[in-house]
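Biologist: Please show me the model, and then we can go through some of its local features.

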Amino acid sequence: GIDIPFHHNLIDILAKADIPIIINSLDKYEDVLQTLDFYGELTNKKSLAAQKKQAIETQYQQILAQIQGEKVPKSLIIWGSPASFSMATNKSFSGDLVNRLGGGNIADAENKLNTAFVPLSMEYITAKDPEVIFLITHGSEEKVLAKFRQELSTNPIWQNISAVKNNRVYQLPAPLFSVNPGTQVGESLQIIANYLYTKEKK
């Protein structure tokens, strides 16, 4: 299982059926690599796990080489659900990836509680003026997108934000960002790097 309340609630139920469960945190890039080591040992496929781990790290180093010397833009990661929007910090998985690619996440300076997400504040966003905005949808993608588009069109404050003015607002693919991408983390890193360091809309 993963470190979420729903899976923690299953521990006692599974224990009564004599089914062991391991709760595994996947909150950052390193967790993916450690999990590969763990499952490689658990399944007696250490060499296969090591190959996959090396492939991920090689891809990561290649991406770092691509962006070397680039100016890091100020960015904002919006975590959207049908109920609300919040800002993701470097304690979230997506925030950790942005941090690894140079940082610039404006929510990190607002993270006094050291949490993965902080409330979205238009006053704060206006003051920080992000140059790139990422949207991650959680739950009903259509509802979240409709709500976000309405927010952008009806709240004039957004129109003065650099990322909006320059058409640098990107929806991140849900399979790679609304949940931990696991061994596809290299793809997630490449997508973020492409959006951070190019003005081309994808």
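Predicted model: local features only at pLDDT ≥ 70, side-chain atom pairs only at ≥ 80, totals over all residues.

Modeller: Residues are numbered from 1 along each chain as its sequence is written, and side-chain values use heavy atoms, with hydrogens and water left out.

Biologist: In which loop does D129 lie?

Modeller: Most residues other than glycine have a negative phi. D129 has a positive phi, near 50°. Helices (H or I, at least four residues) and strands (E, at least two) are DSSP runs, numbered from the N terminus. D129 lies in the loop between α5 (122-128) and β4 (132-137).

Biologist: Is N167 buried or exposed, or in between?

Modeller: N167 is not a glycine, yet its phi is positive at about 60°, and it lies in the loop between α7 (162-165) and β5 (169-171). Buried means under 20% relative accessible area and exposed over 50%, with partly exposed in between (1.4 Å probe, protein chains only). With a relative accessible area of 43%, N167 is partly exposed.

Biologist: How are the rings of W79 and F117 arranged, stacked or tilted?

Modeller: Rings of Phe, Tyr and Trp (its six-membered ring) pair if their centres lie within 6.5 Å; planes under 30 degrees apart count as stacked, over 60 as edge-to-face and the rest as tilted. By this rule the count comes to 8 aromatic pairs. The rings of W79 and F117 have centres 5.2 Å apart and planes at 45°, so the pair is tilted.

Biologist: Which parts does the pair of W79 and F117 tie together?

Modeller: W79 is buried at a relative accessible area of 17%, whereas F117 is partly exposed at 35%. The two are 38 residues apart in sequence, so the pair ties together strand β1 (residues 75-80) and strand β3 (residues 117-119).

Biologist: Are the rings of Y170 and Y195 stacked or tilted?

Modeller: Y170 is buried at 1% relative accessibility, and Y195 is buried at 9%. Their ring centres are 4.0 Å apart and the planes are at 0°, so the pair is stacked.

Biologist: Which residues form one aromatic cluster?

Modeller: The pairing rule gives 8 aromatic pairs. One aromatic cluster is formed by F85, F148 and W158.
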